[in-house]
Amino acid sequence: MTDNAFPGWHGTTIIGVKKGPDVIIAGDGQVSLGPTVIKGTAQKVQRLSPGGFDVVVGFAGSTADAFTLLERLEAKLEAKPGQLARASVDLAKDWRTEKFLQRLEAMLLVSDGSQLLVITGAGDVLEPEHDVAAIGSGGNFALAAARALMDSDKSAEDIARRAMAIAADICVYTNDTLTLEKISQ
């Protein structure tokens with residue numbers, strides 16, 4: 001018996017680090033199809049500015065699905081300016097209940113500079129306890145590294161860079177080409 005299922009895209013590590021007045025969201029650039037690296041310079045972290053309200057978003061999963069979710073999040077933020085948590089919960093509700101959206105395979109890490117949230121297709125909007133969150137195939141490696149560095153004198157950016165470097169050394173679906181966005185309270 002052969003498996004005719006599409007092998008799936010892999011290769012994302014996204015981390016969010018909140019320390020002091022700053023939040024850094026960083027993502028690697030690797031996209032893989034099965035065991036093959038397709039692209040090493042993908043941009044998986046973006047800044048949205050609906051109505052002049054800045055939000056930084058990192059995404060893991062299917063690119064088309066992630067962009068669909070980014071468009072939906074932007075619309076929710078335009079309807080509820082300055083209310084990231086509320087817009088995120090509304091997105092998660094739609095994602096969980098609308099048949100079209102239920103098939104989307106992606107996760108989002110979002111911040112407005114004061115909150116850091118993970119949004120999933122299971123209807124979750126999660127705020128990390130330790131001001132660090134990570135998603136994607138190398139997310140647990142980056143999360144562990146960042147958590148170990150949070151008590152140091154390092155800045156949010158330095159922690160994110162080091163954690164991503166460690167994840168890239170361990171996870172074959174993560175590279176060291178980074179996109180970083182900083183947002184402050």
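A nonpolar core is taken here as a set of buried Ala, Val, Leu, Ile, Met, Phe, Trp, Tyr and Cys residues joined through side-chain atoms within 4.5 Å. In this predicted model, the largest such core comprises 22 residues, of which Val 57, Leu 73, Leu 108 and Val 110 touch the most other members. Two or more residues are contributed to this core by each of strand E7 (55-61), H1, H2, strand E8 (106-111) and strand E9 (116-119). A second, separate core holds 17 residues, among them Ile 15, Val 17, Val 132 and Met 150. When neighbours within four places in sequence are left aside, Val 57 is in contact with Lys 44, Val 45, Gln 46, Leu 48, Leu 70, Leu 73, Leu 108, Leu 109 and Val 110.

The axes of helix H1 (residues 63-79) and helix H2 (residues 84-97) approach to within 9 Å and cross at roughly 135°, and the two helices are therefore oblique to each other; the crossing is right-handed. On the H1 side, Leu 69, Arg 72, Leu 73, Lys 76 and Leu 77 take part, and these meet Leu 84, Ala 87, Ser 88, Asp 90, Leu 91, Asp 94 and Trp 95 of H2. Sorted by class, this contact consists of 7 nonpolar, 1 polar and 4 charged residues.

Elsewhere, Ala 167 lies in helix H5 (residues 156-170) and has a relative accessible area of 0%, so that Ala 167 is buried. Apart from neighbours within four places in sequence, Ala 167 is in contact with Thr 13, Gly 138, Phe 141, Ala 142 and Thr 174.

Methods. Residues are numbered from 1 along each chain as its sequence is written. This is a predicted model: local features need pLDDT of at least 70, side-chain atom pairs count only at pLDDT 80 or more; totals for chains, interfaces and linings use all residues. Side-chain values use heavy atoms; hydrogens and water are left out. Axes are lines fitted to C-alpha atoms, for helices over the stretch in contact, and angles run from 0 to 180 degrees between N-to-C directions. Helices (H or I, at least four residues) and strands (E, at least two) are DSSP runs, numbered from the N terminus. Angles under 35 degrees count as roughly parallel, over 145 as roughly antiparallel, 65 to 115 as roughly perpendicular and the rest as oblique. A crossing is left-handed if the near helix is turned anticlockwise from the far one by less than a right angle, and right-handed if clockwise. Contact means heavy atoms within 4.5 Å. Ala, Val, Leu, Ile, Met, Phe, Trp, Tyr, Cys and Pro count as nonpolar, Asp, Glu, Lys and Arg as charged, and the others, Gly among them, as polar. Buried means under 20% relative accessible area, exposed over 50%, partly exposed in between (1.4 Å probe, protein chains only).
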